[in-house]
Amino acid sequence: MEIEKYQIAEYNDPVLNAHQKAFAYIASTVPNAEAIIEKLRAFQVAIPSWALGTGGTRFARFAGGGEPRNLEEKIMDIGLLHALNRSSGAISLHIPWDIPSNPANIRALAAQYGLSFDAMNSNTFQDQPGQPLSYKYGSLQHTDSATRQQAIDHNIEVINYGIELGSTSLTVWLADGSCFPGQLNFRKAFQNTLSGLQEIYKALPENWKMFVEYKAFEPNFYSTTVGDWGQSLLYANKLGEKAYTLVDLGHHLPNANIEQIVSLLLMEGKLGGFHFNDSKYGDDDLTVGSIKPYQLFLIFNELIDGMDARGMEHTTDLGWMIDASHNVKDPLEDLLQSVEAIMLAYAQALLVDRRQLAEAQKLNDVVRAQEILQQAYRTDVRPLVAEARLRDGGALMPLCIFRSSEVRKNLIRERGSVSVATGL
Ligand code: PSV
Ligand code: MN
Ligand code: MN
C-alpha cells in the first residue's frame, strides 16, 4: 500500500484555501515564520520498528489487522507515514526483533522511501530461543562472567548490523536490577555493567555514539542498575566522549522535572537522544503529547535553549526517536499523532522570545517569564507545521488521508487480519 504524491495533492486540494488563510494569519503575527518553517522541514523523528504493530500489556494483547509481517513491511509502513508527514524519515531497529537478513537490501529498500537508520537497539532483557545463558538475573551486571560476555557479544553484533545499515548509534537499555533488597550488591552490579559497557564501547566505530538509556523501574522493581539520569551520566562520563545519556520520557519517577534534567545534560554535553512518548503513571508508552503537552513544550524549550547555547544542530546532534506501544489505537494513526505532537511542541518552542525571557529572568519578573512561555505555548502553530509538510509534498491533514484512502482496509487485504505477534 502506497500513497502517491499526486493522491496527496488531490486530498490537499479541497482544504488548501482554508489552510492558506490560516497560514497567512500566523505568518503575519509571528516574527520568524519562515525561519521556523525551514527548521520544521529539516526536523526528522525516527519511528521504532517495534511500534508498527499493536502492542499490549502484560495482561493481554488485542492485535489489529494488516500488521507488518516482516522488516520489509515495517519499512513500507514508515515510508507511508513519511510520505504523509515528511517528518518520519528514519527508522530505529531492535535486534533480534528485526534482524535484517540481507542488510544491503534492507538499506536500499529504506532509501527508496527516503528513510535512514537511526539508533540500533540491543536486547538483553529477554532470553531468545537457543540462547545458552539466561538473563533472568541480569545481563551486563550478571554475577557470571560468561553471561556478561554473551551480552557484550550481542551488543557488538548489533553494532555490526548497524554498520551495514548506515546507522551511527547504539542504544543500550538494560533491564538489569533487582526485585528484592539483598538480592544484589549495588557496587558490584555497577562495576560489572561498566566493564561490559567499556567492552562494547571499544567496538564502536569512530563516528558512532553510544546512548545509555535509564529507567527507574520495571521489570525490576526494587533497584535498577541504570536507574536514573545520574547513573546514566556516571556511565557516560566514565566511558568517554562517544557515550551519552538517552532520555525516555516515561522512565522517571512521578512528577520528575524532565525539562531540568534535559537542560543540565545538555549543559554537560552529555545528552545524546530521546525516546518520546507520554505517560500518566509509569512507562505507559502512550501517544506523545496526549497527556502532558505543556511538559513536552517545556522540554523542547530547554532543548532549543541548550542546543543553541552549545551551537548544536537541531536535526543531527541529538537522536530523536519515538518509543511507544499501542494497545487500543491503529499504530499508524497513533504514530501520525505522535509525530504531529512533536512538531507542534518544537514549533511552539521556536516561538519563545529568548531575549525577553532572559531579561525577565534577570529581573526576577516571574509573571512576565510565565507569560512569555505561555504566549508561545498558546499560539496555534498547526498552520506552520502543515505548511512545512505542504512544501515538502506532504499532506495538510495526514490522518484524514489515512482514513479516507482506507489505508488500514487495504493493508488488511494485502497482509491479512492475523497478527504475526499473537497468531490471533
Ligand atoms: C524499555 O522500557 C524501553 O523504553 C527501551 O527503550 C526498550 O528498547 C524499549 O522500551 C522497547 O522495549
Ligand atoms: Mn525507551
Ligand atoms: Mn520504556
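These exercises, with worked solutions, concern the predicted model above.

Residues are numbered from 1 along each chain as its sequence is written, and chains are lettered from A and ligands numbered from 1 in the order in which they are written. Local features need pLDDT of at least 70 and side-chain atom pairs count only at pLDDT 80 or more, while totals for chains, interfaces and linings use all residues.

**Exercise 1.** Determine whether strand β8 is buried or exposed, and name its pairing partners.

Solution. Start with the extent: β8 covers residues 243–248; strands are DSSP runs of E with at least two residues, helices runs of H or I with at least four, both numbered from the N terminus. Next apply the burial criterion: a residue is buried if 20 or more other C-beta atoms lie within 10 Å of its own, exposed if 12 or fewer, and partly exposed in between, with C-beta atoms placed from the backbone. Six of the six residues of β8 are buried, so the strand is largely enclosed by the rest of the structure. One side presents Ala243, Thr245 and Val247, the other Tyr244, Leu246 and Asp248.

Then take the pairing, which requires at least two DSSP bridges between two strands. β8 pairs in the parallel sense with β6 (residues 209–213) over four bridges, where Phe211 stands opposite Tyr244. Four bridges also join β8 to the parallel strand β9 (residues 271–276), and there Asp248 has His275 as its bridge partner.

**Exercise 2.** List the residues around ligand 1 and sort them by class.

Solution. The criterion is a C-beta atom, placed from the backbone, within 6 Å of the molecule. The shell consists of Trp50, Asn121, Trp173, Glu213, Lys215, Asp248, His275, Asp283 and Asp323. For the classes, Ala, Val, Leu, Ile, Met, Phe, Trp, Tyr, Cys and Pro count as nonpolar, Asp, Glu, Lys and Arg as charged, and the others, Gly among them, as polar. This gives two nonpolar, two polar and five charged residues.

**Exercise 3.** State where Val381 lies and which residues it contacts.

Solution. Val381 is in the loop between α12 (366–377) and α13 (382–391). Val381 counts as buried because it has 24 C-beta neighbours inside 10 Å. Contact means C-beta atoms, placed from the backbone, within 7 Å. Apart from neighbours within four places in sequence, Val381 contacts Leu344, Ala347, Gln348 and Leu351. Ala347 also belongs to the contact of α10 with α2, along with Met343, Tyr346 and Leu350 of α10 and Ile36, Lys39 and Leu40 of α2.

Technical notes: Two residues are in contact if their C-beta atoms, placed from the backbone, lie within 7 Å.
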